[in-house]
Amino acid sequence: MLRLRILLLAVTVMCVTELASQAQGTTSVHKFTDLDFGAGNTEGTLVVSLNIDKGLGQKRKIIIGFGGRFNAYLGKNQYFVTAPAKLTSGSTGPGVIFKENIEANMDTFLVKSAQLNSLNLFLTLGYNLSERLMVRFNIDLIGFSFGKSVTGNYINGTQGKMEGASPTSFNLLLISDNDRGSLNSQFFARYLLSEKWGIKGGIQFLFSEYTTDTEVQQFPEPNDRFRNKSLLFSAGVSFKL
Amino acid sequence: MKKIFVMFVLLMAYGCNNEEMNTPTAPVDDTFEPAQATLLSTGVMMGNAHTVSGTATAYDNGGSKTIVLDPFSTQNGPDLKVYLSTDPNATDYINLGPLKSTMGKQSYPVAGMPDLTAYRFVLIWCEQFSVLFGKAELQ
């Protein structure tokens, strides 16, 4: 697992570095370092990211880009629910995005103090409304997570037990509940106050995931992955590199 | 940096404004009749950093088990549940349901046929915050 983490980190750094090197001397490519805070109901995030945006088209207003992002999530008394799509939706195909959750298969893992960190590579799409005002959507693609182990309350109807868990190590964007691990996505507007500095405001949609020490869920089949979905208000600052 | 910190604090303050699910406080008087059931075990309720008092008793009521809190009183709190547990830490438990009231006689049917020598602790447990309010060891 350590080798996988190192490989993922290396790939992330290589992608970001490659895009950064291409940016030299090209006016259609812009780089930003962002610092964001997200806040929700007894939960929050600290996000640091490097964004490399490339303008497309004659006016360079349509944006596609990549970046690397560190997400630190902190949550108090958070409910994590059964994660695998096979259990939540009864299948793993692309159609899971349209399927309702199968409530009978959904168990809960309640964590008193959740703290997960992730380092992910993300994709950006956007549009520049003017020289100073821009909107962006980005979503994590792949990466890894780390954080302290916790003990949570596994709740299965009238039965329950305390169980240890750790952040799911490997993060991968697939489709809906097929996703693995902790992945963030942001929709925001950025306004440049000066040539270098800007402010941001928007929302974050964050998947956070724990893997329990044992396959604590046994029905309808063994499962050890539990996910929390957070919709957070987000604000931050940008520095243009 | 100071502006960033203030912005974060304001956002967190907005996010933390949630409703608490407190237990009803009106006294209850359950219709469970101990004279028609067999007493299995009993224990005294004791608070754990919160004020809880009374008696918890397990009865066999025609083959099914019931936990009765009588008399009973507890300090109020959010999301209070009655657990039948193997220890005071809720390491392995059966959730008997939300606490019906902070005061008065109340009964809780036990699902299945658990071994009460193993599940011998009755807990008043704040599920949302994972806090033990009070416990009784059935003996």
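The questions and answers below go through a predicted model with chains A and B.

User: Which elements does chain A have, and in what order do they run from the N terminus?
Analyst: Chain A of this predicted model has 2 helices and 11 strands, and buried residues make up 49% of its 241 residues. Of the contacts in chain A between residues at least 6 apart in sequence, 68% join residues at least 24 apart. Read from the N terminus on, the elements of chain A run α-β-β-β-α-β-β-β-β-β-β-β-β.

User: What is the area buried between chain B and chain A?
Analyst: The size of an interface is often given as the accessible area lost when the parts come together. Carbon and sulfur atoms give 61% of the buried area, which is about 2,000 Å².

User: Which residues does Lys112(A) touch, not counting residues up to four places away in sequence?
Analyst: Lys112(A) has its place in strand β4 (residues 108-128) of chain A, and with a relative accessible area of 39% it is partly exposed. From Lys112(A) to Asn153(A) the C-alpha to C-alpha distance is 8.5 Å, although the two are 41 residues apart in sequence. Not counting residues up to four places away, Lys112(A) touches residues of chain A and of chain B, namely Gly75(A), Lys76(A), Asn77(A), Phe129(B), Ser130(B) and Val131(B).

User: Which residue forms a salt bridge with Arg190(A), and is Arg190(A) buried or exposed?
Analyst: Arg190(A) lies over the face of Phe32(A), at 3.9 Å from the ring centre, and because its relative accessible area is 0%, Arg190(A) is buried. In its salt bridge the closest N and O atoms are 2.8 Å apart, and the other residue is Asp34(A). The pair links distant parts of the chain, with Arg190(A) in strand β9 (residues 183-192) of chain A and Asp34(A) in strand β1 (residues 29-40) of chain A, 156 residues apart. The answer is therefore a buried Arg190(A), joined in a salt bridge to Asp34(A).

User: Where in chain A does Lys86(A) lie, which forms a salt bridge with Glu221(A)?
Analyst: The closest N and O atoms of Glu221(A) and Lys86(A) are 3.8 Å apart. Glu221(A) is partly exposed, with a relative accessible area of 30%, and Lys86(A) also counts as partly exposed, at 48% relative accessibility. Glu221(A) lies in the loop between β10 (197-212) and β11 (225-240) of chain A, 135 residues apart from Lys86(A), whose place is in helix α2 (residues 85-88) of chain A.

User: How many salt bridges does the structure hold over all chains?
Analyst: In chain B, one of the salt bridges joins the side chains of Asp79(B) and Lys81(B) at 3.4 Å, N to O, and both of these residues are buried. In chain A, a network of salt bridges links Asp177(A), Glu209(A), Arg225(A), Arg227(A) and Lys229(A). Over all chains, the number of salt bridges is 14.

User: Why is the pair of Tyr83(B) and Tyr93(B) called stacked?
Analyst: A pair of aromatic rings is described by the distance of the centres and the angle of the planes. The ring centres of Tyr83(B) and Tyr93(B) are 3.9 Å apart and their planes stand at 5°, whereas planes under 30 degrees apart count as stacked. Both tyrosines, Tyr83(B) and Tyr93(B), are buried. With its planes at 5°, the pair is therefore stacked.

Technical notes: Residues are numbered from 1 along each chain as its sequence is written. Chains are lettered from A and ligands numbered from 1 in the order in which they are written. This is a predicted model: local features need pLDDT of at least 70, side-chain atom pairs count only at pLDDT 80 or more; totals for chains, interfaces and linings use all residues. Side-chain values use heavy atoms; hydrogens and water are left out. Rings of Phe, Tyr and Trp (its six-membered ring) pair if their centres lie within 6.5 Å; planes under 30 degrees apart count as stacked, over 60 as edge-to-face and the rest as tilted. Buried means under 20% relative accessible area, exposed over 50%, partly exposed in between (1.4 Å probe, protein chains only). A charge sits over a ring if NZ of Lys or CZ of Arg is within 6 Å of the ring centre and within 35 degrees of the ring normal. Helices (H or I, at least four residues) and strands (E, at least two) are DSSP runs, numbered from the N terminus. Contact means heavy atoms within 4.5 Å. Buried area is the accessible area (1.4 Å probe) that two parts lose on being put together, summed over both. A salt bridge is a side-chain nitrogen of Lys or Arg within 4 Å of a carboxyl oxygen of Asp or Glu.
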